[in-house]
Amino acid sequence: MQLQKVVPWGRSLDEYRGMFALSETDLRGRLLGCGDGPASFNAELTASGKSQRLVSVDPLYVFSGPEIASRVEQTYETIVSHVKLNHDRYVWTYFSDPDALGAARLNAMKIFLDDYEPGRAEGRYLVGALPNLPFNEGEFDLCLCSHLLFLYSAQLSADFHLASMLEMLRVAQEVRVFPLLDLDLQRSAHLDPVMAELRSANFSAEIVDVPYVFQKSGGQMLRVVRRSETTERDPQLAQISV
Ligand SMILES: C[S@@+](CC[C@H](N)C(=O)[O-])C[C@H]1O[C@@H](n2cnc3c(N)ncnc32)[C@H](O)[C@@H]1O
């Protein structure tokens with residue numbers, strides 16, 4: 001992996017809660033974050049003491065904390081300038097403006113970096129990359145994948161998306177992915193074919209409205225569960241599916 005090719009840009013626990021409509025029950029389970037990068041999700045949730053088990057897996061974790069920090073700092077100006085230029089494509093309710101967004105991302109990274117070395121030693125930050133995860137079948141209750149699949153639809157093939165979904169479903173009972181729009185804010189071209197394949201492989205795949213919206217019309221996640229478990233784990237979520 002070349003660090004220059006990665007855009008490490010991390011979100012907070014509060015954003016993960018919104019993006020994935022996480023309930024207190026979800027947070028108490030065995031959780032896997034796929035492609036968490038410099039998000040503060042793992043650090044903040046670990047500090048809360050809620051989750052039974054929490055692991056983040058990302059190829060980025062082959063690098064040291066200072067290497068990741070310098071890459072985030074290099075990326076910062078490019079991303080914030082891009083968001084400023086495309087201001088109207090985003091919803092400015094969670095963040096008041098692009099500078100507030102940038103500050104929140106740097107803050108998430110700082111929380112992540114403070115936790116990175118202890119977290120590595122505890123096995124909470126593991127090097128790994130979809131579509132092959134270093135875990136046994138069914139080790140996790142819930143796997144979350146934020147801002148990787150579907151967002152990078154132009155860069156990652158349909159086969160990669162399907163193989164990655166099946167791999168996450170091998171190691172977790174349930175998988176949630178956000179967002180479902182690509183970088184051009186279009187519904188991902190891979191979404192419908194992947195959902196059809198998953199349904200034919202006896203998974204329940206549904207699009208669910210969530211409270212977090214940043215890309216315009218982007219407040220939806222994909223939730224996939226083995227068919228028999230859909231309503232058992234969280235009947236409320238099943239009801240708000242669209
Ligand atoms: C835009 S960042 C999102 C970080 C975090 N999930 C969030 O939402 O704040 C995308 C992350 O995906 C990671 N990534 C890239 N290829 C990956 C792969 N094949 N498997 C797992 N993660 C990958 C990158 O290293 C990067 O940290």
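The model is predicted. Rolling a probe the size of a water molecule over the atoms shows where empty space is left.

**The largest pocket**

Start with the largest pocket. Its volume is about 1,200 Å³. A total of 44 residues line this pocket. Nearest its centre lie Val-7, His-147, Leu-148, Leu-151 and Tyr-152.

Which helix gives the largest share of the lining of this pocket? Helix 4 does, with 6 residues. Helix 4 covers residues 65-85, and helix 5 covers residues 98-121. Each of these two helices supplies at least two residues of the lining.

Now sort the lining of the largest pocket by class. There are 27 nonpolar residues, 11 polar ones and 6 charged ones.

**The ligand**

Where does the ligand sit? The ligand is found in the largest pocket. Around the ligand stand 21 residues. The closest are Arg-11, Gly-35, Asp-58, Leu-130 and Ser-146. By class, this shell has 13 nonpolar, 5 polar and 3 charged residues.

| Residue | Protein atom | Ligand atom | Distance |
|---|---|---|---|
| Trp-9 | backbone N or O | oxygen | 3.3 Å |
| Tyr-16 | polar side-chain atom | nitrogen | 3.0 Å |
| Ser-146 | side-chain N or O | oxygen | 2.4 Å |

How much of the ligand does the protein cover? On its own, the ligand has 590 Å² of accessible area, and the protein covers 90% of that.

**The cavity**

The structure also holds 1 cavity of 30 Å³ or more. The volume of the largest cavity is about 30 Å³. Which residues line this cavity? They are His-147, Phe-178, Pro-179, Tyr-212, Phe-214, Gln-215 and Gly-218. By class, the lining has 4 nonpolar and 3 polar residues, with no charged ones.

One residue links the two spaces. His-147 lines the largest cavity, and His-147 is also one of the residues nearest the centre of the largest pocket.

**In short**

The lining of the pocket includes 27 nonpolar residues, while the shell around the ligand includes 13.

Key
Residues numbered from 1 in each chain as written. Predicted model: local features only at pLDDT ≥ 70, side-chain atom pairs only at ≥ 80, totals over all residues. Heavy atoms only, no water. 1 Å grid on protein atoms, 1.4 Å probe; cavity = no way out; pocket = protein on both sides within 12 Å on 5 of 7 lines; lining within 4 Å. Points joined across faces, edges and corners; volume = space filled by probe spheres on them. Helix = DSSP H or I, 4+ residues; strand = E, 2+ residues; numbered from the N terminus. Nonpolar A, V, L, I, M, F, W, Y, C, P; charged D, E, K, R; others polar. Near = heavy atom within 4 Å. Polar contact = N/O pair within 3.5 Å; in protein donor to acceptor, adjacent residues only side chain to side chain. Areas by Shrake-Rupley, 256 points an atom, 1.4 Å probe, with all protein chains shown as cover. Sits in = over half its atoms within 2 Å of the grid points.
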